[in-house]
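Here are a few notes to read alongside the model. Have a look at it first, then come back to the points below.

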Amino acid sequence: KLLEKVDKITLRDEQSLEELKSIGVKNEITVSADPAFSLRPSYAGDNGNRPYFVISVRKWKKLPEDFADKMAKVCKSIKDKYNICPVFVPMQSWMDDEICNEIAEKCGGVVSQPFKNVETLIGYIQNSKFVFGMRLHILIYALSVSVPIIALSYDPKVDAIVKKWNCSKAFDIENIDVDAILGEVDYIVENIDEISASIEKTTSLMKEKNVCDAKSAIKLMEF
């Protein structure tokens with residue numbers, strides 16, 4: 001009933017649209033873009049000129065017992081094959097620090113210090129080779145600056161964004177396939193320019209939708 005009282009609803013994916021329709025919401029609904037695509041990166045350093053990739057993992061009730069070991073194997077294999085440093089970014093310290101530190105210690109990676117703001121984090125991601133993660137918004141931040149992603153899916157919202165960009169695969173956290181993930185990394189490294197260009201096309205559309213959403217909101221407030 002609360003949703004029936006609003007003038008306009010914007011959503012970031014088609015799955016959410018179907019969910020609202022299924023519960024009988026009949027208001028004007030637009031599938032738009034996450035507002036995070038409007039954020040602009042700030043300079044965040046270059047990791048000492050050493051190439052790196054960004055990883056974001058979190059505690060989750062359905063993580064298998066061997067999750068940390070398998071993730072460490074993936075990250076160490078990437079580091080050894082491509083000489084790319086794994087940098088773990090805890091998005092929510094109270095939930096992410098422990099698992100990030102555990103995997104980093106096992107694979108010889110590093111855990112980042114907290115970033116002063118989201119724009120600086122996006123700037124750091126912009127200078128990375130790719131982003132490998134569970135957290136939805138770290139994937140969004142990567143896509144916002146045309147950086148390739150490898151998604152670890154624990155929620156339909158992660159699958160939804162991978163489907164919309166059609167630029168990668170979403171790997172199930174309950175059944176980590178080390179060889180399949182490493183194969184995806186090989187594909188990204190070998191085709192990084194083409195993948196980034198493809199991401200940029202979709203991301204540009206999302207940024208345009210953000211502008212339209214802002215204009216719509218301003219128009220509504222004028223009444």
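1. Let's start with the cavity: helix H6 gives the largest share of the lining of the largest cavity, five residues. Helices here are DSSP runs (H or I, at least four residues), numbered from the N terminus. A cavity is a set of points on a 1 Å grid over the protein atoms alone where a 1.4 Å probe fits but cannot get out, and lining residues have an atom within 4 Å of a point.

2. Before going on, note that this is a predicted model: local features need pLDDT of at least 70, side-chain atom pairs count only at pLDDT 80 or more, and totals for chains, interfaces and linings use all residues. Residues are numbered from 1 along each chain as its sequence is written, and side-chain values use heavy atoms, with hydrogens and water left out.

3. How big is the largest cavity? Its volume is about 100 Å³, counted as the space filled by probe spheres set on the points, which are joined across faces, edges and corners. Of its 13 lining residues, Arg-12, Asp-13, Ile-140, Ile-161 and Trp-165 are the closest to the centre. Both H5 and H6 (156-165) give two or more residues to this lining.

4. Now for Ser-144, which sits in helix H5 (residues 136-144). Ser-144 has a relative accessible area of 4%, so it counts as buried (under 20%, with a 1.4 Å probe and protein chains only). Leaving aside neighbours within four places in sequence, Ser-144 is in contact (heavy atoms within 4.5 Å) with Phe-37, Ile-122, Thr-203 and Lys-207.

Note on methods
Buried means under 20% relative accessible area, exposed over 50%, partly exposed in between (1.4 Å probe, protein chains only). On a 1 Å grid over the protein atoms alone, a cavity is a set of points where a 1.4 Å probe fits but cannot get out, and a pocket is an open set with protein on both sides within 12 Å along at least five of seven lines; lining residues have an atom within 4 Å of a point.
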